[in-house]
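Trainee: Please show me the model, and then we can go through it by question and answer.

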Amino acid sequence: MKIPEMKFWLGLPVILGFCLFMTAPSGAAAASWENDVPRYTEARVSVKRDGPKLLFSDSPENVTDCGVMYRDTVQGPVRLFFHHVNETSVNRRLAVVLRRTTARAVKVTQKETGISRPRRDWLLAGKEAQERYYRPDQKPDSFRLTKLVDLLEDKGKPTVVRPGDLVTGIVDLDFDRPVEVSVMMLPVKTDLSLAMDAYGILPPDHDGEHILRGTFEAADRHVTLDQPFHTSGHAIWGIKLADDDLDPYARGVDATTGQPVVNYGNYGILYDLTLPTQGRHDTVIRFNPMGGTYAGAGILSISGKADQQLRIPAGRTAFGDVGYDWVTEVIGEIPANQTAVLHFSPPGSSNLPVRIFLERK
């Protein structure tokens, strides 16, 4: 049976089909993953949503002029996700500017951060940002915001983006007072204090149907199996994520227009999947980029063991460009009767949805 599905590459929707598989027969032999996804059971899960407010800046994705791609004033824990290409004919400066909106200085705490270098390989940029975000050695850094600051400055030097290059990033922040956050494309040599009011809001680069920018509440999703995966037989369980059916897309508001928007793909949403197991055998975890080409990273945590950093896929930049509806990669194993937690987030430049499969080793 063919079912239409939406495939998104951060703003480029394409209709595709995929096969829906039913429960594997009891006592079946070990599955083959060579040219198809075996029959499987859709796992029953519970989902809890909480976490910081998400500021999502990806429209215009291809920035053809100087201006503000997204802006909102926020307080408390905030996650910023941005993804922009310099589509002009000259070098530009990409800036994430924090501006104080109150008389008193603001305490800013910068937590996990993953920002790519400017790259023409967009998939590699998305993967690099996630690898940096999931580094285990990051420590929070706090400072006082007295006027304004560009988060993308490195030792006082602005981030310069050549024509055709992409910069994507994900940053967790906390403000003890309201702060105006602006994602901007500017001339390389510019005075930020003048630029903040000199440049207006840029229009989105889509037809209005899929505007990938906005502010969204509760940017963390905690997904837990309702019951342990049992390894006594050969059943396979699957968990589909970011499909807007079993796992809905986040809904929010474009603060620059006041219009409702949808985060097609759940970019900037952090997922943790709690996967308890039961039985004498180990459990294999497989990742399937069922939406198309995918290049990301993550962490696998198992009680009593050091967290395992994941590159998804491990041996190359991306996978899913061919056979996306069935190609899989083993990303980890869960020892018998133990619980694993898989942490991942939809990467910039990659396609959604994805599926996570569990099978007996």
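Mentor: Buried means under 20% relative accessible area, exposed over 50% and partly exposed in between, with a 1.4 Å probe and protein chains only. This is a predicted model, where local features need pLDDT of at least 70, side-chain atom pairs count only at pLDDT 80 or more, and totals for chains, interfaces and linings use all residues. Residues are numbered from 1 along each chain as its sequence is written, and side-chain values use heavy atoms, with hydrogens and water left out.

Trainee: Is Tyr267 buried or exposed?

Mentor: The relative accessibility of Tyr267 is 0%. By that value Tyr267 counts as buried.

Trainee: What kind of aromatic pair do Phe56 and Tyr267 form?

Mentor: Rings of Phe, Tyr and Trp (its six-membered ring) pair if their centres lie within 6.5 Å; planes under 30 degrees apart count as stacked, over 60 as edge-to-face and the rest as tilted. For Phe56 and Tyr267 the centres are 6.3 Å apart and the planes make 35°, and the pair is tilted.

Trainee: How many residues apart in sequence are the parts that this pair ties together?

Mentor: Helices (H or I, at least four residues) and strands (E, at least two) are DSSP runs, numbered from the N terminus. Phe56 lies in strand S5 (residues 53-57) and Tyr267 in the loop between strand S19 (259-263) and strand S20 (270-278), so the parts tied together are apart in sequence by 211 residues.

Trainee: What is the relative accessible area of Phe81?

Mentor: Phe81 is buried. Its relative accessible area is 3%.
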